[in-house]
Amino acid sequence: MLKISTRFDAGAVVVKDLTDPQNIRLDIRPDNASEFLQWFYFRLQGAAYEHCVLKIEDAGESAYPEGWIDYEAVASYDHETWFRVPTEFDGKSLNFSVQAEHPQIWFAYFEPYSRERHDQLIKNALQWSGCELLAVGKSVEGRDIQLLRKGNGASHKRKIWIIAQQHPGEHMAEWFMQGVLER
């Protein structure tokens, strides 16, 4: 039996029909308290050795539909190693397919930056750079909004503000932040 889950950090998709593995119908879920939609991230279970065709039917209504042209969705069996899957955009629907090789497979707009990886990045940044970790508020899930501060904030010194992953689908910014902190 097919099952789709989004009950993990940044998981997002709306299931419309899951009865046929060759016609899995989905929509992108809008961001919290917003009509903005672009990001999808979900796990498909029960599809081992099935040829699956997934259709995100509202992709043409996304915030940036031109971004789907020549785009390829990413997938992973282990949530660590990601690969591209054949994808087509017909102006309305984003369609992708895969011959599933394992009982579960994750799909995403692009490779996610997991909460575990984020937590490790904060830990590493504190060790590498002498940064100070501050909480500047709470997320909608009640988590601390973290701020790494380097220096003492003296008025005669330059200040640089770099923000990453302010929205669930902005994982590419945290990959960038990892590079900045490692550098």
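The expected span of a helix is 1.5 Å times one less than its number of residues. Helices (H or I, at least four residues) and strands (E, at least two) are DSSP runs, numbered from the N terminus. With that in hand, hello everyone, and let's begin with a helix.

Helix H1 covers residues 115–129, so to speak our opening example. H1 has 15 residues, and from its first C-alpha to its last it reaches 21 Å, close to the 21 Å expected at 1.5 Å a residue.

Before going on, a word about what we are looking at. This is a predicted model, where local features need pLDDT of at least 70 and side-chain atom pairs count only at pLDDT 80 or more, while totals for chains, interfaces and linings use all residues. Residues are numbered from 1 along each chain as its sequence is written, and side-chain values use heavy atoms, with hydrogens and water left out.

Back to H1. Which of its residues are buried? They are His-118, Leu-121, Ile-122, Asn-124 and Ala-125. Buried means under 20% relative accessible area, exposed means over 50%, and partly exposed lies in between (1.4 Å probe, protein chains only). The cover over these buried residues of H1 includes strand S11 (132–138), strand S12 (144–149) and helix H2 (171–182). After H1 comes Gly-130, and the phi of Gly-130 is positive, near 70°.

Now to the sheets. Strands of a sheet pair through backbone hydrogen bonds, either parallel or antiparallel. For counting, two strands pair if DSSP finds at least two bridges between them.

Let's walk across. S1 and S4 run antiparallel and are joined by three bridges; here Lys-3 has Gln-45 in S4 as its bridge partner. S4 then pairs with S10, again in the antiparallel sense, over five bridges. Gln-45 turns up here too, with Gln-104 in S10 as its bridge partner. At the other end, S6 (residues 74–76) and S7 are antiparallel over two bridges, and Val-74 is partnered with Arg-84 in S7.

Why is S4 described as largely enclosed by the rest of the structure? Because four of the five residues of S4 are buried.

Another open sheet of five strands has the order S2-S3-S5-S9-S8, and its pairing is mixed. S2 (14–17) and S8 (87–89) are the edge strands, and each pairs on one side only. On average, neighbouring strands of this sheet are turned by 25° against each other, direction ignored; the axes behind such angles are lines fitted to C-alpha atoms, for helices over the stretch in contact, and angles run from 0 to 180 degrees between N-to-C directions. Inside this sheet, S3 (residues 24–27) and S5 (residues 51–56) run parallel, joined by three bridges. Arg-25 stands opposite Lys-55 in S5.

Next, the nonpolar core. By that I mean a set of buried Ala, Val, Leu, Ile, Met, Phe, Trp, Tyr and Cys residues joined through side-chain atoms within 4.5 Å. The largest one has 38 residues, and those with the most contacts inside it are Ile-24, Phe-40, Phe-42, Leu-44, Phe-96 and Phe-107. At least two core residues come from each of S3, S4 (41–45), S5, S6, S9 (94–99) and S10 (104–108). S10 gives the largest share, four residues.

Let's zoom in on Phe-107, which sits in strand S10. Is Phe-107 buried or exposed? Phe-107 counts as buried, because its relative accessibility is 0%. Contact here means heavy atoms within 4.5 Å. Leaving out residues up to four places away in sequence, Phe-107 touches a list that includes Phe-40, Phe-42, Leu-44, Val-74, Trp-82 and Phe-96. Phe-40, with neighbours within four places set aside, is in contact with residues including Ala-12, Trp-68, Tyr-71 and Phe-107.

For contrast, take Tyr-49, in the loop between S4 and S5. Tyr-49 counts as exposed, because its relative accessibility is 66%. Its C-alpha atom and that of Gln-99 are separated by 6.3 Å, although these residues are 50 apart along the chain. Beyond its neighbours within four places in sequence, Tyr-49 is in contact with Gln-99, Ala-100 and Glu-101.

Last, the cysteines. How many disulfides are there? With a disulfide taken as a pair of cysteine sulfur atoms within 2.5 Å, the count comes to zero. Cys-52 is buried, at 0% relative accessibility, and Cys-131 is buried as well, with a relative accessible area of 15%.
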